[in-house]
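Subject: Structure for you to look at

Hello,

Here is the structure I promised you. Please open it and keep it beside you while you read my notes.

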Amino acid sequence: MPPKSKAAAAAAAEPVSVEDLFTSLHRHIQAGDSLQAAKVADQVLKAAPGDEDAVRCKVVALIKAEKIDEALAAMRAAERLPIDLSYYKAYCYYRQNKLQEALDLLRGQEETVAVLQLESQILYRLGRMNDCMNSFEKLQKFKIDSMDLKINIIAALVAAGRASEVQATMKALKVDLTTRALRDARSFELAYNSACSLIENKKYSEAKEQLDLAKRIGKEELMVEDYGEYDIEYELAPVSAQLAYVQQLQGQSQEAMQTYVYMINTKTPEPDPSPIADTSSLAVATTNLISLRGTKETADSLKKLDQLIEKSTAPNRLQLIESLDFKLSPRQKEALYSARVLLLLHTNKIDQAHELVSALIGIFRDSVFPVLLQAAVHVKEKNVQKAEEVLRQYADKHPENSKGVLLALAQIAANANHFQLAADSLSKIPDIQHMPATVATLVALKERLGDSNAAASVLDSAIQWWKNSMTEDTKLDVFIREAAAFKLSHGRDEEACLLYEELVKSHGSIEALAGLVSTAARTNLEKAEQYEKKLKPLPGLKGVDVESLEKTSGARHVEGPQDMKVDVPEEVKKQKAKKRKRKPRYPKGFDPANPGPPPDPERWLPRRERSSYRPKRKDKRAQVRGAQGAVTRETAAANASGSSKGSQTTSSSKAPAANSDQPKASNKSRKKKSRS
């Protein structure tokens, strides 16, 4: 190897200036070469230790290069420097799914656009949707016209259960959902989130249109970016899963099931087979498929669900695969774990269900669904009292969040014939006391308890609530009619009469008027006659004499056409009216003064049907005990008689055929015949 020249050696020994290094750093950043930018930033720090710009450039370059651990190490090395890197550290914790630590670092910082965006993302993953919306509302004050921000705001509203506010929010954000506008904006995510809000509002047809639109726009956009066929399916898997869910809600179960099975089982071709859907879409498809199957194919459903959970030897530890834990929303996690517990119960794996529920109680401390699952396990074990105790304790500790718990408690108690507990549980839910289903259930429970007064008071309270309500869809007439029928059946005729009268004055229905007349006839005849005049006469009843009709003995069935007007003479009527008195006829020799013991009540029954009848024993002497194939005497006699009959029949025939079974005559008989 030839030796280097002196000029080259001098150039190598001469240090590069910081300005040149920053120029090189800027060039790598513009080119998107993050790893090379991080290396140049290290060179800058060697030349100028503690340079703030170099430290920030190195941290950002490592984050963009997905080197999160190295970025955190660089920030720890710069802790002694007077540089605030809290935002970058919070972002690294967010990427590592250390959400609470990331949120703690952002507290107290200036509410810039970057800080608010990161805070909203962290709150979204934590499931704190109302706080997330507060962060988005603060972001709107900066008047940022960003499509990504609009998409995130709509997604947060849907996840927070505020789908009814989506349409108004989109108008305020000036979001255009027409096909042309969405294609120009290249935003199928916006159409997807809009469809999710429509699903929450139960507008399934409109949601399907938005999802079809999102799929078309997404395909066009991804094809322009040279995505392959399977890559396009992978990117649009959430849209496909949501379309299948809409089909499931619309009753198209077979079509939805086909989509779920295709998403779960289909993989890309060799040499590198992989699922055509992301893990979160696979989890949604699997959970929905299990709900469609119900109690069918439970073993296969459990196997598919186990593929989404990592195996762990630690007790009461649950971990979803591939960071699925923070990709799914809290509602989706609840559905997934609930499906697993129910499958374990259907397959009679009670011990595993107990372990899973115990783990869920430790993980979801502020949630209701582990408590409901725990009660379901106890019911499966037929330990109803334990289930009721679990639900009652939770309802007492968390009265503000116990509506579902109280409903479950009422159902379990009613099935166990604990009617008082079921009624008390329903009575503790104030916002459904006026609903028809709740009122009907409470009335039925009170009747089972034999407390008709309490049942009547439930109906009266419901009537009073609907009288004071300002809703358009009122149920007042229904409750008044049912309350009147209930009180009439329990002998409260006057109260029922007042209710029917109120119903007639408010609605004027013919059924209510007929009920009022029939009820008032028992309590107030004048009122019955007053309202009876308002009833329309029935056709064909003008010439009917009511008094003569009451004296008749009733209608009789007569064959053929008959003249109903028959003149009966008065003498015949008197003869029919007189009844002959005959003396009772007694058996011969019977003295009515001394009747003796009463006759046998079974004397008219056949002897075989009387209680004193004892059948005769069979003659066991006729039985033959011996080896298999032995013949009884009766059978032998029957065979002998049958053979003789057969021989007679054969001999009487005109042209008897030769019978090989017929016994041949002996030689002695032949000799006797020849001698004669």
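Accessible areas here come from the Shrake-Rupley method with a 1.4 Å probe. With that in hand, the protein chain exposes about 45500 Å². Carbon and sulfur atoms supply 50% of that area. One caution before you go on: this is a predicted model.

**The whole chain**

The protein chain has 676 residues, and 33% of them are buried. It contains 35 helices and 0 strands.

**Cysteines**

How many disulfides does a search of the whole structure find? The count is 0. Cys-196 has a relative accessibility of 11%, and the cut-off for buried is under 20%, so Cys-196 counts as buried. Cys-497 is buried too, with a relative accessible area of 4%.

The largest nonpolar core has 53 residues. Ile-122 and Phe-136 have the most contacts inside it. Which helix gives this core its largest share? That is H10, residues 147–159, with 7 residues.

Look at Phe-136 next. Set aside its neighbours within four places in sequence. Phe-136 is then in contact with Ser-120, Leu-149, Asn-152, Ile-153 and Ala-156.

There is also a second, separate core of 51 residues. Among its members are Val-390, Ala-413, Ala-422 and Leu-459.

**Helix H19**

H19 covers residues 298–306. Its buried residues are Thr-298, Ser-301, Leu-302, Lys-304 and Leu-305. An α-helix has 3.6 residues a turn, so residues three or four places apart point the same way.

The face of H19 turned away from the buried side carries the exposed residues Ala-299 and Lys-303. What covers the buried residues of H19? The cover includes helix H17 (253–265), helix H18 (279–293) and helix H20 (330–346).

**The loop between H17 and H18**

Thr-266 sits in this loop. Its side chain reaches the backbone oxygen of Tyr-262 at 2.7 Å. Not counting residues up to four places away in sequence, Thr-266 touches Val-261, Pro-275 and Ile-276.

- Lys-202 lies in the loop between helix H13 (188–200) and helix H14 (204–224). Its phi is near 65°, a positive value in a residue other than glycine. Its relative accessible area is 64%, and exposed means over 50%, so Lys-202 is exposed.
- Asp-226 lies in the loop between H14 and helix H15 (229–235). Its phi is positive, about 60°, although Asp-226 is not a glycine. Asp-226 is exposed, with a relative accessible area of 70%.

Arg-56 lies in helix H4, residues 52–64. It is partly exposed, with a relative accessible area of 24%. Leave aside its neighbours within four places in sequence. Arg-56 is then in contact with Ile-83, Asp-84, Leu-85 and Tyr-88. Arg-56 and Ala-41 are 15 residues apart along the chain, and their C-alpha atoms are separated by 9.0 Å.

Where does Leu-81 lie? Find it in the loop between helix H5 (68–77) and helix H6 (86–95). Leu-81 counts as partly exposed, at 28% relative accessibility. Leu-81 and Gly-50 are 31 residues apart along the chain, yet their C-alpha atoms are separated by 6.7 Å. Leu-81 touches Gly-50 and also Val-55, not counting residues up to four places away in sequence.

**One last residue**

Ala-514 is found in helix H30, residues 510–523. It is partly exposed, with a relative accessible area of 37%. Ala-514 and Tyr-500 are 14 residues apart in sequence. In space they are 9.0 Å apart, C-alpha to C-alpha.

Best wishes

Terms used:
Residues are numbered from 1 along each chain as its sequence is written. This is a predicted model: local features need pLDDT of at least 70, side-chain atom pairs count only at pLDDT 80 or more; totals for chains, interfaces and linings use all residues. Side-chain values use heavy atoms; hydrogens and water are left out. A disulfide is a pair of cysteine sulfur atoms within 2.5 Å. Buried means under 20% relative accessible area, exposed over 50%, partly exposed in between (1.4 Å probe, protein chains only). Helices (H or I, at least four residues) and strands (E, at least two) are DSSP runs, numbered from the N terminus. A nonpolar core is a set of buried Ala, Val, Leu, Ile, Met, Phe, Trp, Tyr and Cys residues joined through side-chain atoms within 4.5 Å. Contact means heavy atoms within 4.5 Å. A polar contact is a pair of N or O atoms within 3.5 Å; within protein, one must be able to donate a hydrogen and the other to accept it, and residues adjacent in sequence count only if both atoms are side-chain atoms.
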